[in-house]
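I opened my notebook to look up a few things in a structure that may be new to you. Come along, and we can go through the entries together.

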Amino acid sequence: MSPEVIGLVGLVVLVALLFAGMWIGAAMALVGFLGYAYIMGIQPAFGVVAQIPFKTVAYYPLTVVPMFVLMGCLLFYSGVGADLYESAYKWIGQLRGGLAMATVVSCAFFAAITGISAPAIVTMAKSALPQMRKYNYNDRLALGSIVCSGTLAFLIPPSMSFILYGILTEQSIGALFMAGVLPGILLSALFIITIVVITIFNPQAAPAGPKTSLREKIGSLKDTWPVVALFILILGGIYGGIFTPTEAGAIGAFGAVVFTAVKRRLTIKKLMDSLLETAQTSAMIFLLITGAYILMKFLAVSKLPLLLSKVVSQLPVPPGVILAAIIALYILLGMFLDIMSATILTIPVIYPLILILGYDPIWFGVLITLLIQMGLVTPPVGLDAFILAGAAKVPLADVFRGVIPFLVAVLVCIVIIIFFPQIVLFIPKTMP
C-alpha cells in the first residue's frame with residue numbers, strides 16, 4: 001500500500017476506535033504509533049513515542065493551560081459567577097426577557113475569566129434558573145439562554161479553544177485572544193437579540209422582572225470590579241505586548257488567589273478542589289495534545305494531508321464552496337462526537353487545506369471556535385447540554401429544544417464573520 005492509503009486506513013481505524021469508546025487522546029497516540037511504525041519502522045516509531053510526550057509536557061507555552069484553568073476554578077469556587085449575575089440582574093432584569101439577557105451578560109463576563117464553559121453553566125443553573133422560574137419564564141428559553149451563553153467562554157478570551165488551536169497550528173495565542181473579542185461581543189449581542197425576538201412573538205415566555213433603584217444598580221457593581229480589572233489587565237497586557245499569554249495566565253491565577261483571599265472566600269477545601277480540578281483538566285488536555293502530535297507525525301509521513309489539500313484545491317469549485325463543506329463537516333461532527341476532541345483530530349488534515357485556499361489562519365481559528373460552540377449544545381451528544389441537564393435536574397430534551405433559536409444566532413454570527421472578516425482581524429492587526 002502507498003503511504004497515502006495507509007494514512008487513510010489509519011483515520012478509518014481511528015474513527016472506529018472512537019465509536020468504540022476509546023479515549024481520543026489514547027486512540028490518536030495508538031493509531032499514530034502503529035501507522036508511523038508501518039511506514040518508517042518500529043524503532044523510529046518508538047523514538048517518536050519516547051520524545052513527544054516529554055516534549056509536549058516540557059513545552060513552555062503549554063503552561064498557559066493549567067494557569068488559566070486554575071484561575072477559572074478559583075473564581076468559580078469563590079462564587080464570582082453569582083455576583084456577576086446578580087449585578088446584571090439588577091441592571092436589566094426589569095426588562096421583558098431581562099433575566100435571560102442578564103444571563104448572557106454575566107456569562108460573557110464570566111467567560112472572560114474562565115476559558116471553559118462548565119463553570120458558567122453550573123453557576124447559572126444555581127443562580128439564574130431559579131430566578132427565571134420564579135418569574136414564570138418559559139423553561140426552554142431559560143435553559144437555552146443558560147447553556148448557549150455558557151459556551152461564550154470558548155470565544156471570549158482567555159479561551160481554551162484558542163490555546164489548543166494556537167498550539168496545534170503554531171499560531172500566536174495572543175493574536176487569537178484578541179481576534180475573539182469583537183466576535184464575542186457580536187455573538188453576545190445576537191443572543192440578546194434572539195431573546196428580544198422571542199419575547200416579541202411570545203411575551204409570556206419571559207415576563208419582566210422586578211424594578212430596582214439606581215442605588216441598588218450601582219451597589220451591585222462592588223463585587224464585580226475585580227473581575228473586570230483582571231480581564232482588562234490580562235487582555236491589555238497581551239495586546240500591549242507587556243507580557244505573553246503564558247505570563248498572563250500566571251498573573252491571572254495569582255490575581256484570582258488574591259481576589260478570593262481578600263474577599264475571604266478562599267478556604268482550604270476550595271483551594272484543594274480548585275487544584276484537583278485544574279490537575280484533572282490539564283492532564284486531559286495534555287493527553288489530547290500528545291496524542292494529536294503523535295498522530296500528526298504519522299499523517300506527515302503518510303503525506304495524506306498534502307494529497308487531500310492538493311486534490312480539494314484543484315476541484316472546479318470556488319473556495320467558498322469548500323469552506324461551506326468544511327463548516328457542514330464540523331456541524332455533523334458536533335452532532336455525533338465530542339466536538340473539541342473532533343477538532344483536535346481533524347485540524348492536522350483541515351488546516352493545510354485552509355492555508356492553500358488562502359484563508360487567514362487567525363480568522364479560521366475564530367470560525368472553528370464558533371463551530372465548537374455549536375457542537376457543545378447540538379443534539380444528540382452536546383456535552384454542555386448534558387452538564388446543564390444534570391446540574392438543573394431537567395429533561396435533556398428540554399435543553400436541546402431551548403438551544404434551537406440560539407443556534408440560529410451562532411449561524412448568523414458565522415455568516416457575518418465570513419462576509420466581514422475584518423471583525424475578527426481588526427484588533428490583531430493593530431497589535432504591536
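My entries below go through the salt bridges, the cavities and a surface patch.

**Ground rules.** I am working with a predicted model, where local features need pLDDT of at least 70, side-chain atom pairs count only at pLDDT 80 or more, and totals for chains, interfaces and linings use all residues. Residues are numbered from 1 along each chain as its sequence is written, and side-chain values use heavy atoms, with hydrogens and water left out.

**Entry: salt bridges.** I looked for a side-chain nitrogen of Lys or Arg within 4 Å of a carboxyl oxygen of Asp or Glu. How many salt bridges does the structure hold? I found three.

I noted Asp-139 with Arg-133, at 3.1 Å from N to O. For exposure, I call a residue buried under 20% relative accessible area, exposed over 50% and partly exposed in between (1.4 Å probe, protein chains only). Asp-139 is partly exposed at 27%, and Arg-133 is partly exposed at 38%.

Next I noted Asp-273 with Lys-269, at 2.9 Å. They are separated by about one helical turn, because they sit four residues apart in helix α15 (residues 268-302). I take helices as DSSP runs of H or I with at least four residues, numbered from the N terminus. Lys-269 is exposed at 60%, while Asp-273 is partly exposed at 25%.

Then came Asp-398 with Arg-401, at 3.3 Å. Both lie in helix α21, three residues apart. Is Asp-398 buried or exposed? At 19%, Asp-398 counts as buried, and Arg-401 is partly exposed at 42%.

**Entry: cavities.** I searched on a 1 Å grid over the protein atoms alone for sets of points where a 1.4 Å probe fits but cannot get out; lining residues have an atom within 4 Å of a point. The whole structure has two cavities of 30 Å³ or more.

The largest cavity has a volume of about 60 Å³. Its lining includes Ser-161, Tyr-165, Met-340 and Ile-372. Helices α9 (160-169), α18 (339-357) and α19 (361-377) each give two or more residues to that lining.

The second largest cavity holds about 30 Å³, and Cys-148, Phe-191 and Gln-373 are among its lining residues. Which element gives the most to this lining? I found that α19 does, with three residues.

**Entry: surface.** I ended at Tyr-38, which lies in helix α2 (residues 24-40). Tyr-38 counts as exposed, at 56% relative accessibility. Together with Met-1, Val-5, Val-9 and Val-13, Tyr-38 makes a nonpolar surface patch of about 500 Å². For patches I used residues with over 30% relative accessible area and no salt bridge, joining nonpolar side chains (Val, Leu, Ile, Met, Phe, Trp, Tyr) within 5 Å and like charges within 9 Å. Helix α1 (residues 3-19) gives the largest share of the patch, three residues.

Technical notes:
Accessible areas come from the Shrake-Rupley method with a 1.4 Å probe; for residues, only the protein chains shown count as cover. On a 1 Å grid over the protein atoms alone, a cavity is a set of points where a 1.4 Å probe fits but cannot get out, and a pocket is an open set with protein on both sides within 12 Å along at least five of seven lines; lining residues have an atom within 4 Å of a point. Grid points are joined across faces, edges and corners, and a volume is the space filled by probe spheres set on the points.
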